[in-house]
Amino acid sequence: MEDLDPIQFWLVLAAVAYVAFLFGRATKNRSGDSGNRELAAMRQREAAEHVFASLPRPAQQEIDAKIQEGKTIEAVRLVRQHAGVGLREAKLAVDARRASMGL
């Protein structure tokens, strides 16, 4: 390091800091965050179940029929239509309902 002039020293220091930053971001979710991911997944499942439970009974029966027929896309469309939620939320609701039906 003694042979480096000040500009080279700061460039090397910046490069080392950047590599450390990238390494930290790459390994951030590998340790200790599994609990947070599980909690987020649990909250998504609960929200999906709530979406389906908030639908009127005739809509629930229609969606159940589509799920039993294997028409997932139509079931998602019905959930979006009746609940006014986005595509992701509707898909999660249909998947949660299918799981609760044992399909």
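E74 is partly exposed, with a relative accessible area of 30%; partly exposed means between the limits for buried (under 20%) and exposed (over 50%), using a 1.4 Å probe and protein chains only. The model is predicted: local features need pLDDT of at least 70, side-chain atom pairs count only at pLDDT 80 or more, and totals for chains, interfaces and linings use all residues. Residues are numbered from 1 along each chain as its sequence is written, and side-chain values use heavy atoms, with hydrogens and water left out.

E74 pairs with K66 in a salt bridge, their closest N and O atoms lying 3.1 Å apart. The term stands for a side-chain nitrogen of Lys or Arg within 4 Å of a carboxyl oxygen of Asp or Glu. K66 has 18% relative accessibility and counts as buried. By this rule there are 5 salt bridges.

Another salt bridge joins R97 and D64, at 2.8 Å from N to O. This pair links distant parts of the chain, 33 residues apart: R97 belongs to helix α5 (residues 87-101) and D64 to helix α3 (residues 57-68). Helices are DSSP runs of H or I with at least four residues, numbered from the N terminus. R97 is partly exposed at 23% relative accessibility, whereas D64 is buried at 11%.

R98 and D95 also form a salt bridge, with 3.3 Å between the closest N and O atoms. Both residues lie in helix α5, and because they are 3 residues apart, about one helical turn separates them. R98 is partly exposed at 22% relative accessibility, and D95 is partly exposed at 26%. Through salt bridges that share partners, K91, D95 and R98 form one network.

Conventions. Helices (H or I, at least four residues) and strands (E, at least two) are DSSP runs, numbered from the N terminus.
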